[in-house]
Amino acid sequence: MSTKMKITPEEALAYHMNPRPGKWDVTPSTPMTTQRDLSLAYSPGVAVPCEAIAANPETAYDYTNKGNLVAVISNGSAVLGLGNLGALASKPVMEGKSVLFKRFADVNSIDLELDTEDPEAFINAVRLMGPSFGGINLEDIKAPECFIIEQRLKEEMDIPVFHDDQHGTAVICAAGLINALKISGKKIEDVRIVLNGAGAAGIACLELIKSMGAQHNNCIMCDTKGVIYQGRTEGMNQWKSAHAATTDLRTLEEAMDGADVFLGVSAKGAVTPEMVASMAKDPVIFAMANPDPEITPEEAHAVREDAIVATGRSDYPNQVNNVLGFPYLFRGALDIHARAINDEMKIACAEALADLARKEVPDEVAMAYGRKLQFGRDYIIPTPFDPRLIYEIPPAVAKAGMDTGVARRPIVDMAGYRESLHARMDPTANIIRSINARARARQARMIFAEGDDLRVLQAAVNYQRSGIGKALVVGREEGVKALLETAGMGDAYDELEIVNAKNTPHLETYKDYLYERLQRSGHDIHDVHRLASRDRHVFSSLMLAHGHGDGLVTGATRKSGHVLGLINHVFDARAEDGAVGVTALLLKGRVVLITDTLVHEWPEPEDLATIAERGAEVAKTLGLEPRVAFVSFSTFGYPVSERAEKMHKAPRVLEARGVDFEFEGEMTVDVALNPQAMANYPFSRLTGPANVLVVPARHSASISVKLMQEMGGATVIGPILTGVDQSIQICSTVSTSNDILNMAILAACKDGK
């Protein structure tokens, strides 16, 4: 089946409406609880930094958020591919750009939509807001006004001003071109380049490539009227004129004949297979029109197997994606308190991206993308979710800024700076992205057992429409249809496969199998019939046991203990079978796993050791290096308590088993998670804060998870059922549709037997 994602208008609107309208909130970064806190935050304490900044403006970077704050500003005159929608309608896009800054480079960002198409009014508004920000990201402003606005603001402001539609595309295009030419054995100063699309992005691409060594008359720019040549008057402006070549070529088709490189920022279908066939050996084709390229990779490769092709789409190799550039350009610029982002910094960014693509790709990245990524024709640009971007690209940008004199505060310790960038990475986002990518690669048929619950149906629809796999919903057809229609998702009914005891041809097989398992445990044939035909949890488990699905997600409507008991009619998922429940808590960039939250009521030392091993396995699955702590109210035997004794003994059991992960205990939670508290025990075997906590009993695990969820605001994934042959996940009854979807994705990552 296709893995292409489907997004309906209703889903897009719901995403922007829930849980609150919009895509970002403002949260304080300093304490705001006591009267003293408020006195420091505002009057009278705030007067002190105000006076310090008045005396020395540079200290604004020390006492305010200016140094990590970028404004995303637009007038909505060229919104995506939608045209001039106006300032207000551009706000969803600008909010989205703001959250991308935060997600990828930990840059705080605020969107500002200016209701004017007058360049002078726009320039004046942005210029006057300069003291508030460390940088300005201009977005979705039509040409030629975007050129005028950016140039004037760069001249009049002392902070970086960057029009991403121009320079973001140019930087990523340049990075890909560096590697494409390296593979084809050509030099940038020798190649013939054809660019189609003389708008903001096209002109910026050609300007940057020329600054990297491409020769003026080797670069042919085309627009809808053909080649831009010396002497042409029709449809010209000063920005096009700067790139007019001395040439007899007049059409795109003529220009493509013998060309080494094609760069497209124009429209779908602008390039024909015949044009590609006429290009030089090892042609480089960057068809970057969105949402559909000038020519698809399939069409290009059909006539030229030697072509190196990139597009702007994520479903093809070599995606030219601006998110590879702007977050890290601004991260590097902000960290040196730069006055500008100059060509040298953009080139440094492009070269660092190109260099990263040539390095060996970590297993975690390859695993997430479901394929081996290796430098070559189908991998010339890093993937947007490569975790190395945050600490590879900003240092290169910062160094170029320092070398060219735009840094107010140069970085002295570059190695330390790289380490600080490591700390900015959000492991929770990487974990979610990783399991999503692996699930999509597997394309599992997921059984959703509770088709009479709207949350489950929403999760099933999202699972399938996200291209993760096939959703099999257990329920009555009429009930499922009615619920979907009530929720405004009636069109999804025909997309789902509805399964029940009435319409399956396998019911007798299921009953025979179940009777064989249960006949000596007090169940007669009538009991088995009722379980197999009327209990959705048992029926779904039987589907999974017979290979009629690849994974199972359930538990949203019944208590987890009850659901686990029903599943045990079909599978061996008891404590004595080695089953364990692991719950992941994701909060403020940290991930901690709590075990056992599902199976063991009061585990003994041997059980605790097994729980630790299962927890470590889940940590590895999530891309974490396991550090296990056996937690209690005592630390290394003090205070002495009979109830803590088993936590003291469990690490010795693990020692005897010779496991290959870090573990330590028993210890209190603060010692396990706080480096300063842990420093009081220098003999500890843990090299950092624990990420797997083994707790004394199921009740304490449950209390810990629910307390963190309700009071701390942690995102909870789980309990993740592990130690069972089949891929089964049990939700909690308070799960949202997104929680259920996450559990289904986790189930999809595991190969059942």
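Analyst: A crossing is right-handed if the near helix is turned clockwise from the far one by less than a right angle, and left-handed if it is turned anticlockwise. The model discussed here is a predicted one.

User: Is the crossing of helix 5 and helix 14 left-handed or right-handed?

Analyst: Helix 5 (residues 91-105) packs against helix 14 (residues 326-335) with the axes 9 Å apart and at an angle of about 70°. Angles of 65 to 115 degrees count as roughly perpendicular, so helix 5 is roughly perpendicular to helix 14. As for its handedness, the crossing in which helix 5 passes helix 14 is right-handed.

User: How are helix 15 and helix 17 oriented to each other, roughly parallel or roughly antiparallel?

Analyst: The axes of helix 15 (residues 343-358) and helix 17 (residues 389-403) come within 8 Å, and they cross at roughly 150°. Because angles over 145 degrees count in this way, the two helices, helix 15 and helix 17, are roughly antiparallel.

User: How many nonpolar residues does the contact of helix 15 with helix 17 have?

Analyst: Helix 15 brings residues including Met345, Ala348 and Leu353 to this contact, while helix 17 brings others, among them Leu389, Ile393 and Ala396. By class, one residue of the contact is polar and two are charged, while the number of nonpolar residues is eleven.

Key. Residues numbered from 1 in each chain as written. Predicted model: local features only at pLDDT ≥ 70, side-chain atom pairs only at ≥ 80, totals over all residues. Heavy atoms only, no water. Axes fitted to C-alpha atoms, helices over the stretch in contact; angles between N-to-C directions. Helix = DSSP H or I, 4+ residues; strand = E, 2+ residues; numbered from the N terminus. Parallel < 35°, antiparallel > 145°, perpendicular 65-115°, else oblique. Contact = heavy atoms within 4.5 Å. Nonpolar A, V, L, I, M, F, W, Y, C, P; charged D, E, K, R; others polar.
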